[in-house]
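Me: I would like to learn how to read a few features of a protein model, taking them one at a time. Could you give the general idea each time and then turn to the case at hand?

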Amino acid sequence: MIQNITRSLKKNAYQQRYKYMAFLLIFLLSHIESLYASDVRIKIYPDESRSSILQRIENEKWAKEVLDLAHKNVDKYVKIHQTDPEWITSRLQMYWKNKYTTPIINGAHYSRAEGKAPVPTVRYTGGRDWATDYATPKLEEIRPYMDYNDDQIYVRNNKKPGKPWEWVDNSKTAHQIESMNVNIMNRAMYSAFIYWLTGKEKYAMFSYDILMKYTEGMYYRKAPVTEKDHKNAHLLGLTSFEVIHEKVLTPMTLCYDFLYSYLQEKKADIPMIHAVFQKFADQIIEKGVADNNWNIFQARFVTYIALLLDEDINYKNGKGKNYYIDVILNKNTKRQKALRDVCQTYDQNTGIWNESCGYAVNVTKDLLEVLFLIDGIEKKNILRDFPIVEKAALANFEYLFPNRRTTAFGDSSYDLLPYSTFETLLAFYRRYGEKDKELFLTSILKQQMEEGLYDREEGASLYKLFNFIPDLLPAEPNCDSLYSSAFYAPNVNLFVMRNGMDPANGLMIVNSGSGFNHDHHNGISMELYGKGYTLGVDPGRGSSYWVSDHTDYYRKPVSHNTVVIDGISDNRSDRQNPGEASEVHHVLSCFPLCNQKDALSSSNSISYVDNQYYEAKTRSMQRRVNGILRTSPTSGYYVDIFRSRKAEGSDVMHEYFYHNLGHSLTLFDETGKELTMTQTDELTSEGGKLKGYDFLEDKKVTNSPENIRGTFTLNLKQGSNVSMDVWMQGFPGRKIFSVNSPRSLKGMRGVLSSDLAELPIPTMIIRQEGEAWNRPFVAVYEPYDTENGKTIRSVNYLKSENPDFVGISVSSSNNCLDYIFNHTNAESVTNVREISARFQGKYGVLSLEGKELKRLFIGKGKTLQMGNYGLHAANKEGTVLIESKQAGWTITADVPVNLTLPYSGVSKLTYRDKGMNRVINGEIISGKDNARCIVFQLPILKDKELKPL
């Protein structure tokens, strides 16, 4: 009995102890929960909890680097803050002394501020232009309470010897003030993240003081107003001259999100904070531009704000989370277009956005981020409502050269793609279990990783930490279906031709025009790729969009590979609306078919395009034919035929510009003797010519009606040097110039070493007096490296009495000879007596290897005949390519055609079609000099193998 009582007492004691321990555990958990991060999942990035982020940091090196970056950014300042809380807040750029409420703006510059608030308010930045003589101070260099000299800031003058510190009027600076505040708010964000992750209050206190000081200052600050010059009034943000540059908002909203529980504990004025966020959002929606990239960049900022707000009913003005998300997705206002309508800006066939690729790729990246974050609220797979965005993401690959750098047309640079675009898409697919799409995209991403273009371990950001999927599915690297041999995007007047995507041996031409946002006034421009580099270079944009180097040079035709008429060409054209075709720029014909995603599967050795452009200022017509001819798996060359004339016939001169990366340009006559060049004062803006001429240096000239050759040489520190040879047909009335053009300011970052990127760009200019239509610029370009050497031995030009005809013969190694024919009119017929040839069509190629036919090509024509080889389309114009292969021929023909060959004993050809063998019987005829020939009547075929039977 005593044992039973003892046993019962022990049992009760255990039960009481268990209840006590359970109560204590619940109390501690609830106490910890109230102390920090009551929302285990934050609102902006809701997919991951604190525990999952901690696990990711423990398991993934790149995730740990995000935390390391956060500590690196804040630990030093958090320590200072513990003993000197004003150290960090005093470095915020505020109207500390005068507490102004309203900034006054004059044009693109800060003027002054007025009004009186009860607390210090946030200062307004100095100007719209980011180009400035003054450096932005590092955090330690910022003077505390730096408004005691009224509207001046203390900065370094980069243009003066020794870069002295000076007090400078805010109106003479650029983005320094907003940049200093963004710098501090970024540290507040990282510190709040550490607090959310660890619960250490010192990090919360640091973030709290910054956030509240800045937010309070913004609460009493009003939107800027303009005086005198009001041209930028529709663009102004609360802190920046452009609402798309309100860069403080991303760290500010994330800081608030991570800090939310601490703000509650401190009884912070949450309604005030929300009112400030609403003020930012309303200003962004009210201002800006509704028909270009601004729309998406504005939507991104508003999305970060919307996700933090409560339901609409909780606000007197009804502007809560759902209100702003509805505006972003569905509502059109004067300055902000609904994203559902914005997506119509994409070309629905190609997926290309109607701006230069430097902007277009980031539009798609940010649009995906906006959709992904909004989708995180209710998880309804919003991407299904925006199918064009997936297409656009993959269309980005059409911008790429074989070295996987984008073209630099318009305001662009030779950049890698932003791979976060594809990471966000992967996260979408993983979120909804779309495994087939995820596998396809994973294979693409792995291909970029395998080629060393992208490293998932590099780059630390909170967006990456919370939203990238941690592990990729097993998939074989593959990008085969992303690139087209010929790609045409009419909404940006962009045409791309490729032959292979091997970085060392691929060939690619880019033609670009104007008529889109962030375009350049370049007519029909040309970029040429070779041996790992875009050698025929587009220099991109200038120091900024408001500086003379951009407005007078980088955006103008003198900086591009194009033709300038009478020294005054403007080449601008109206921006095209979605779905509209250009009125001035047309692709008249091309081969192969466009937009087939076939660049890695095609075996074609030939491609061409015929561009037409009408230049309104000089009322001139221009035609540019570009072609690629592959001579071996590792070599090939480009053809450039540029015609230009004024409609009224009052031509003074036409100047052909070609810029090529390199240390030098050397020019030779036909015999290989170096041309004697003399210094010249020509090529200036004198007489009303383009100011861009004044940017050219080391100008040399010679008069020569003869054919010439030039060599551009780029000396590399590692590997073989790279050269580009150019052959140019001569005509009477020609001047040949060699000049140095300004370097590419942004375009070559990451492509060339810094010392090479600083080099001026060697440039060849050919001036033709009078018209250049019947005396066109006819050039052949071959890129090569010193290890393998050049393959072209000579280039000659075929003679004809037909002024519409251009003929070129190119002799290369392996005893190969190419004949190239061109007319502007497909109906034109030319007999070339010196080689016993006849051609009717726009573009033709006949290639011999020794005495054997290597290939025959007609582009938009009917007849190409030389000796006993020939093609003839009897009924209508067409495009036909026949190439010799080991086992016979390959053929692509969009019309029935007769193929004539010397008779070799083969009288039948066979090919496979729909699972069956088809047979074509030949007819023996008498050819030139009574030689026996055979004619095969070929049907319409695409990529078929013809074998002798």
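What follows is a dialogue on cysteines, nonpolar cores, a helix and a sheet in this predicted model.

Me: Let me begin with the cysteines: how many disulfides does the structure hold?

Reply: A disulfide is a covalent bond between the sulfur atoms of two cysteines. In this predicted model the structure holds 0 disulfides.

Me: Are Cys255 and Cys816 buried or exposed?

Reply: Here the cut-off matters, since a residue counts as buried under 20% relative accessible area. Cys255 has a relative accessible area of 0% and is therefore buried, and Cys816, at 5% relative accessibility, also counts as buried.

Me: Which residues have the most contacts inside the largest nonpolar core, and which helix gives the most to this core?

Reply: The largest nonpolar core has 203 residues, and those with the most contacts inside it are Phe193, Tyr656, Met764 and Tyr781. Helix α5, which covers residues 176-198, gives the most to this core, contributing 14 residues.

Me: Turning to the strands, in what order do the 6 strands of the open sheet lie, and which are the edge strands?

Reply: The order is β13-β18-β25-β24-β21-β20, with antiparallel pairing. The edge strands are β13 (563-565) and β20 (678-679), each of which pairs on one side only.

Me: How many bridges join β18 to β25, and which residue in β25 stands opposite His659?

Reply: Strand β18 (residues 653-659) runs antiparallel to strand β25 (residues 761-769), and 7 bridges join the two. His659 has Thr763 of β25 opposite it.

Me: How many bridges join β20 to β21, and how many join β21 to β24?

Reply: Between β20 and strand β21 (residues 697-703), which run antiparallel, there are 2 bridges, and Thr678 has Val701 in β21 as its bridge partner. Strand β21 is also joined to strand β24 (residues 734-741), again antiparallel, by 5 bridges, with Thr702 standing opposite Ile736 in β24.

Notes: Residues are numbered from 1 along each chain as its sequence is written. This is a predicted model: local features need pLDDT of at least 70, side-chain atom pairs count only at pLDDT 80 or more; totals for chains, interfaces and linings use all residues. Side-chain values use heavy atoms; hydrogens and water are left out. A disulfide is a pair of cysteine sulfur atoms within 2.5 Å. Buried means under 20% relative accessible area, exposed over 50%, partly exposed in between (1.4 Å probe, protein chains only). A nonpolar core is a set of buried Ala, Val, Leu, Ile, Met, Phe, Trp, Tyr and Cys residues joined through side-chain atoms within 4.5 Å. Helices (H or I, at least four residues) and strands (E, at least two) are DSSP runs, numbered from the N terminus. Two strands pair if DSSP finds at least two bridges between them.
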